4 protein chains.
Amino acid sequence: MTDSAQLTGVVPPLVTPFTPEYDVDTASLARLIQYQLTGGVDGVFVLGTSGEGTFLTDEQRQVVLETTVAEVAGQVPVLAGVIDTSTARAGAHLSAALKAGVDAVVATAPFYAATHPAEIEQHFTRLATIAGDVPMYAYDIPPRVGTKLSSSLMISLGERGIIAGVKDSSGQETSLRQLVLDRRDAGLTGFAIMTGSELTVDSALAFGVDGVVPGLGNVDPSGYVRLFDAASAGDAATARAEQDRLFRLFEIITVADRSRMGASSAALGAFKAGLYLLGVIDCPLTAFPSIPLNDGEIAAIRPLLDRAGLH
Amino acid sequence: MTDSAQLTGVVPPLVTPFTPEYDVDTASLARLIQYQLTGGVDGVFVLGTSGEGTFLTDEQRQVVLETTVAEVAGQVPVLAGVIDTSTARAGAHLSAALKAGVDAVVATAPFYAATHPAEIEQHFTRLATIAGDVPMYAYDIPPRVGTKLSSSLMISLGERGIIAGVKDSSGQETSLRQLVLDRRDAGLTGFAIMTGSELTVDSALAFGVDGVVPGLGNVDPSGYVRLFDAASAGDAATARAEQDRLFRLFEIITVADRSRMGASSAALGAFKAGLYLLGVIDCPLTAFPSIPLNDGEIAAIRPLLDRAGLH
Amino acid sequence: MTDSAQLTGVVPPLVTPFTPEYDVDTASLARLIQYQLTGGVDGVFVLGTSGEGTFLTDEQRQVVLETTVAEVAGQVPVLAGVIDTSTARAGAHLSAALKAGVDAVVATAPFYAATHPAEIEQHFTRLATIAGDVPMYAYDIPPRVGTKLSSSLMISLGERGIIAGVKDSSGQETSLRQLVLDRRDAGLTGFAIMTGSELTVDSALAFGVDGVVPGLGNVDPSGYVRLFDAASAGDAATARAEQDRLFRLFEIITVADRSRMGASSAALGAFKAGLYLLGVIDCPLTAFPSIPLNDGEIAAIRPLLDRAGLH
Amino acid sequence: MTDSAQLTGVVPPLVTPFTPEYDVDTASLARLIQYQLTGGVDGVFVLGTSGEGTFLTDEQRQVVLETTVAEVAGQVPVLAGVIDTSTARAGAHLSAALKAGVDAVVATAPFYAATHPAEIEQHFTRLATIAGDVPMYAYDIPPRVGTKLSSSLMISLGERGIIAGVKDSSGQETSLRQLVLDRRDAGLTGFAIMTGSELTVDSALAFGVDGVVPGLGNVDPSGYVRLFDAASAGDAATARAEQDRLFRLFEIITVADRSRMGASSAALGAFKAGLYLLGVIDCPLTAFPSIPLNDGEIAAIRPLLDRAGLH
């Protein structure tokens, strides 16, 4: 990706496979990347929320970055999450990602401390000076960071060349649509709007979003590629049918017993269990201290894969 | 502090002074520590929420730890926050803090990812193996980490020797009281319960809490020491009068224009402005990207210090 | 509407016009109804959230019901909100609405007291015995009542003939889509799914929703009818363009100074001001104790109407 | 109570006993009132949250009011909740309460619609014109109505004679303490501050609150009277011991299976089950559509009553 190309299409946020000893499983990660490339994805995003980036040590993050850049080998852009509590800490991750040779970075607002839009603006502005020519995307994920990124701030940062677009995981369709309209009315070009809401992709593409960063795309990249292609071709019926199938596949995240584990563990554990059952990765563990799915839960995911036509 | 001593009294969570270039100002930090020791505090807590620990790079954290351990020189215990998104990342901070020679550590639940009590239990259990003989306190601060630490989990971790107590910044008086009652009914000894709610300290001490970690204690350590001493001596009227005075002093956090900055910036900026006006630190800046108080706001804090008898 | 007809199309939730003395302005209400019928709406919904039903006395509610039933005169179905804190209180409103001759009723979950799905199920089941043959719709509006109505409960109530459909004002597109899929998979017929999210109607219609209950439809019923007709005809581009125009028109709710009034007052005040400027109603007051828009705010709505082509 | 007397002491919010057919059980209500008077309470509060006032029809409310006024017969003040969604609806309840001869009324902010402090101010101001010489208390219960009543608004309404005090069920000790300090600094007299937080009464009385409105006081009025008397006499140790005992008694609300019912049902059901087991009321049903405690749950409350010395 050169910095003049605008991000578009399907860019799954890759999970990070672990060994039973909680080391990064580079062989499984390489297979996952090949599975994605074979599926036809337009990019991969590592060290995001699905990638459990906030769980990893700096050393583990480095392994993920190097493995991914090497395995992808320039076939599609590699995006890296640089998500941390403050500008200084995210900036350190950003420098490491640049050194590893990624094509773009993705940063949230600061968190833990309560923040204000003026502070978030300073955060992205400072990070942009570190990123230099490498595109940076703002990652809007209020349930995790406690702040919603406003459309007006995003457009303003885009106009000043500080960000190259937004990954919207707010789940707020109205605000996403406002961002699309505001981009149009501002005449802003080269500014990508990607949705992280994997269950409403046909709708988002129909009202002008450029692509999707689907966690479920780990398990079924081809499905999302077919959905995107149908929507791009103006075939709304096929896009909807594909989305509906993926909607049902997403029910794998409801298999785990939520009285035993958190929501993140249940969802990411299901994605990893799916990849494990499909033979892509060797071990379905999620990052410590997440509670893993048990054998029965993993087995219960199999029929849901079958129903979706995944074998 | 040996690990048999139970934490008690006034343990302010020290702010981290910066230079105008956002370096840690070690000279100001040293003066702040002397101001606290002169005020009669029973310990100091660095790299907590008030210490802006989540804003600092690993290198800056190291400077704070080394400066503090050297300046305190064993006169009171030094507690260090090891607050980060995951067990692995908090564990790295913990190791660094041990190496720097702190007397105890303070850890929150993991955050950013959604967590479950069973996962939080694994988090503290793993951290305790790193801490070894150094006491670890659980830091309950749901507005920042999205999870409330239950009394039953805290007591259970205490009984198994995993934590040496709790710092409660939940602001939920009923749950704090339950923790005190549950500790009593469990016959649990050597387990400290400290409140982080600086405006209701007399109440908390009256129902059995052991001490306080007051952000406002940065500005007025002697006031909190007098409050604690009065409460310990059973002089409820004096304790209440001191608390009421400190309640009004806390209004310094309302001086900053909240349409310009976040809640953290307004509160910590006020503490630092107070210390700056009292001549303790050289520069009132809060961590980047926090918006600083302007000159007018800093000036407006002076009369509130005067009213509280601080010169 | 007979109870075999399924609700569909555009069914605006009518505002309740007041005189300057806060009486129901029946002449303005009659004009509003004619404005809607001329606009081509498929039904009208009175005493809902936009209708400020929870502000009105029983006597005022009666005036609204009787005026509406008389003015509509059977041309389209009249739906009436029977929204109150408990089953007994909603039931009394329901009886009154039946007596006034409405065609259907709309009920939320109980509120003020915290409720449980099993209790909500009993609530609707009891209300259905009062409604008899008159269709009842469940109104899902979690920000107001504190509870989300689950798809499984809604489908179950539909299968048992207790409700004839759902009005979804949850703003949660994923859950709305799940309801549509669950209806399909259950083979449930005669069960209407209407969205109350007036800014994403083209999307909702595209994935299978039957119609819309748009607050903004008070001001521009023809626009929503054109949007619905285009979507029904499979003309996604026209539907989207109409939705985008209405999205911008909705900005009238941002005109009022939110430091002076609540969100409800700002939104409903804008709808009423629009109708006042268009000559449909005589007075833009919202229900007491809502703060009204001032003259400057009302004037600022005029150019937004002009931009949307409303004169 | 004349309007010059300031409310103080223990004023339990009475539950409303029902027959198995969900009629108000006036005989049980009369026995409950005698149980309270014998316990030494300083007033009774009917039709509040514990009284399930928002569940009752206007006719049932009338029965409660008349029964209570007759049974109390002037021995202590009778307060009546006039809680409803709007000023007009609360005003109708207020008029009915006045006609029934209550001594004071208690009103929340409006709810369902989002409100603003300026609107809440108009709400109380209008209600005061209906109340006339009868004292009105503002009821601060943000979890139910979605709005926090600020200390500044409450003090301002007190200074203008609009409210005679506040019942604080916010559970926010800091804001309650601020109200007490603001009252003192304003020199405001004849303005009662009552806490609805039944588990921290000794603390609240120690920092200047005038009394308590304890839901648990339905079951153990004498306990709260002893607690109040000890606190008034400056015997903090006895007050704390009594509060600790009541804290443990409050565990009766945890007996019910929360996967079957809502929080309100579990708590009120426990209070009613306690009264039923103590022979005060005939039937432990909560208002429809609340799920009732089952026999096993009711039986499990017995040992908790025994442990607290209630037989």
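This is a predicted model: local features need pLDDT of at least 70, side-chain atom pairs count only at pLDDT 80 or more; totals for chains, interfaces and linings use all residues.
Before anything else, one term: two residues are in contact when they have heavy atoms within 4.5 Å of each other.

Residues are numbered from 1 along each chain as its sequence is written, chains are lettered from A and ligands numbered from 1 in the order in which they are written, and side-chain values use heavy atoms, with hydrogens and water left out.

I will start with chain A as a whole. Its secondary structure comes to 12 helices and eight strands; these are DSSP runs numbered from the N terminus, H or I of at least four residues for helices and E of at least two for strands. Along the principal axes, the C-alpha atoms of chain A fill a box of roughly 50 × 45 × 40 Å.

Of the 311 residues, 65% count as buried, meaning under 20% relative accessible area with a 1.4 Å probe, protein chains only. Take the contacts in chain A between residues at least 6 apart in sequence: 74% of them join residues at least 24 apart.

Now one residue, Phe271(A). Where does Phe271(A) sit? Its place is in helix α11, residues 263-277 of chain A. Phe271(A) counts as buried, because its relative accessibility is 3%. Leaving aside neighbours within four places in sequence, Phe271(A) has contacts that include Val15(A), Glu198(A), Leu216(A), Phe250(A) and Ile253(A). Ile253(A) is 18 residues from Phe271(A) in sequence, and their C-alpha atoms are 7.6 Å apart.

On to the other chains. A rotation of 180° with 0.0 Å of shift along its axis superposes chain A on chain B, with an RMSD of 0.0 Å. The two copies are thus related as by a two-fold rotation axis. The superposition is by least squares on the C-alpha atoms of residues with pLDDT of at least 70 in both copies. These copies meet through the same surface, because 100% of the interface residues of chain A are also interface residues in chain B.

Which chains do not touch? Chain A and chain D do not, and their nearest C-alpha atoms are 12 Å apart. Likewise, no contact joins chain B and chain C, whose closest C-alpha atoms lie 12 Å apart.

Key: Buried means under 20% relative accessible area, exposed over 50%, partly exposed in between (1.4 Å probe, protein chains only).
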